[in-house]
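Good morning. I have a few places in one structure to go through, and I will take them one at a time.

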Amino acid sequence: MNIAFIGLGNMGAPMARNLLKAGHHLYLFDLNKAVLAELAAMGGTISTSPKDAAQAGDLVITMLPAAAHVRSVYLNEDGVLAGIRAGTPAVDCSTIDPQTARDISTAAAQQGVDLGDAPVSGGTGGAAAGTLTFMVGASAALFDTLHPVLAQMGRNIVHCGEVGTGQIAKICNNLLLGISMIGVSEAMALGNALGIDTGVLAGIINSSTGRCWSSDTYNPWPGIIDTAPAARGYTGGFGAELMLKDLGLATEAARQAHQPVILGAVAQQLYQAMSLRGEGGLDFSAIVKGYQKPS
Ligand code: NAD
């Protein structure tokens, strides 16, 4: 299939590589020329604009940093909607607010284009391994069209409902994740300060009612889980700046819905303080440092 792929960063580039390996022909666009050259060497064609890429694609996929980039890539003069043919399906995999996802989809529908949202979880490791989870907000027909291609980049392809619901699922999950990581940090630090062996404490939590992904898979305390970022100085993994971005999306969506997210707002401020300390590039589990004496 001819696929227009726009946004080839930490996530988009490995996703595009998997589509090239699966035998698709990709029309590529990004502002970063180096990544375009690398993917062209794998067989992709470099496009001159989102419009140019969309004109050539039988499917359009975008993977961009934030809502402002998504708006410009779709709606600008040389954007996707200026080039896409009516009837061509499109999907935005960026993490953005649900309202922008709906607005862009409405603009696309006016041109006979069915555009869905499919944000992902699984991080850069999952993007490289082709094991991402896609949370898809789309009509049933568009979901069926997208499924085989998304399955070449991911393992779990979940239809969440109509357009925008993929983004809702993503921001609600990350709201909880951001909060649970702080809760585990607090419990581990308190146990340590009170004198229990932290390995014993983690074992108790992970076989008791406090167990969660932040404790049993990604425990922020060093020396508990060999594969967690805590074991490698909080490098790699899911950056605190990205968590901060997702908590911002959640609190803003909550404001629009008049829905309180009390712990989410506190969590947002704790990651904000982490960012101010210059630690925004570390994995988000480094939030635990705020509970430890500086070494
Ligand atoms: P990134 O910043 O590494 O990549 C974004 C890419 O978009 C860059 O290559 C940039 O040059 C390109 N870009 C920006 N503006 C553009 C424009 N106008 N036209 C064309 N290209 C443009 O970001 P990422 O880590 O790949 O994340 C992409 C999305 O996925 C974000 O919404 C992020 O929140 C989400 N996400 C990231 C992760 C992760 O672990 N990195 C995990 C899940 C979801």
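Thr106 is partly exposed, with a relative accessibility of 47%. This is a predicted model, so please hear every number today as computed from that prediction. Where does Thr106 lie? It lies in helix α6. I also looked at Thr106 together with Ala4. The two are 102 residues apart in sequence, and from C-alpha to C-alpha they are 20 Å apart in space.

Staying with α6, I turn to its packing. In general, two packed helices are described by two things, the angle between their axes and the distance between those axes. For helix α6, residues 98-109, and helix α9, residues 165-194, the angle is about 165 degrees and the axes are 8 Å apart. Are α6 and α9 roughly parallel or roughly antiparallel? An angle over 145 degrees counts as roughly antiparallel, and therefore that is the term for α6 and α9. Their crossing is right-handed.

Which residues meet there? On the α6 side they are Pro98, Ala101 and Arg102, and on the α9 side Gln167, Ile168 and Ile171. Sorted by class, this contact of α6 with α9 has four nonpolar residues, one polar and one charged.

Helix α1 covers residues 12-21 and helix α2 covers residues 33-41. Their axes come within 11 Å and cross at roughly 15 degrees. Angles under 35 degrees count as roughly parallel, and therefore α1 and α2 are roughly parallel to each other. The crossing of α1 and α2 is right-handed. From α1, the contact uses Ala13, Ala16, Arg17 and Leu20; from α2, it uses Val35, Glu38 and Leu39. The classes in the contact of α1 with α2 are five nonpolar residues, two charged and no polar.

Is Ser215 buried or exposed? Its relative accessibility is 1%, and under 20% counts as buried, so Ser215 is buried.

What does the side chain of Ser215 reach? It makes a polar contact with the side chain of Asn206, at 2.7 Å. A polar atom of the Ser215 side chain also lies 2.8 Å from the backbone oxygen of Cys212. If we leave aside neighbours within four places in sequence, Ser215 is in contact with Val184, Ile205, Asn206, Gly210 and Ile225.

Last, two residues with a positive phi. Tyr234 has a phi of about 65 degrees although it is not a glycine. It sits in the loop between α11, residues 213-216, and α12, residues 240-256. Tyr234 is buried, with a relative accessible area of 5%.

His258 is not a glycine either, and its phi is positive, about 55 degrees. Its place is the loop between α12 and α13, the latter being residues 262-276. Is His258 buried or exposed? Its relative accessibility is 72%, and over 50% counts as exposed, so His258 is exposed.

As for the helix pairs, α1 and α2 are roughly parallel, while α6 and α9 are roughly antiparallel. That is the end of my slides.

Technical notes: Residues numbered from 1 in each chain as written. Predicted model: local features only at pLDDT ≥ 70, side-chain atom pairs only at ≥ 80, totals over all residues. Heavy atoms only, no water. Axes fitted to C-alpha atoms, helices over the stretch in contact; angles between N-to-C directions. Helix = DSSP H or I, 4+ residues; strand = E, 2+ residues; numbered from the N terminus. Parallel < 35°, antiparallel > 145°, perpendicular 65-115°, else oblique. Left-handed = near helix turned anticlockwise from the far one by under 90°. Contact = heavy atoms within 4.5 Å. Nonpolar A, V, L, I, M, F, W, Y, C, P; charged D, E, K, R; others polar. Buried < 20%, exposed > 50% of the residue type's maximum accessible area, 1.4 Å probe, protein only. Polar contact = N/O pair within 3.5 Å; in protein donor to acceptor, adjacent residues only side chain to side chain.
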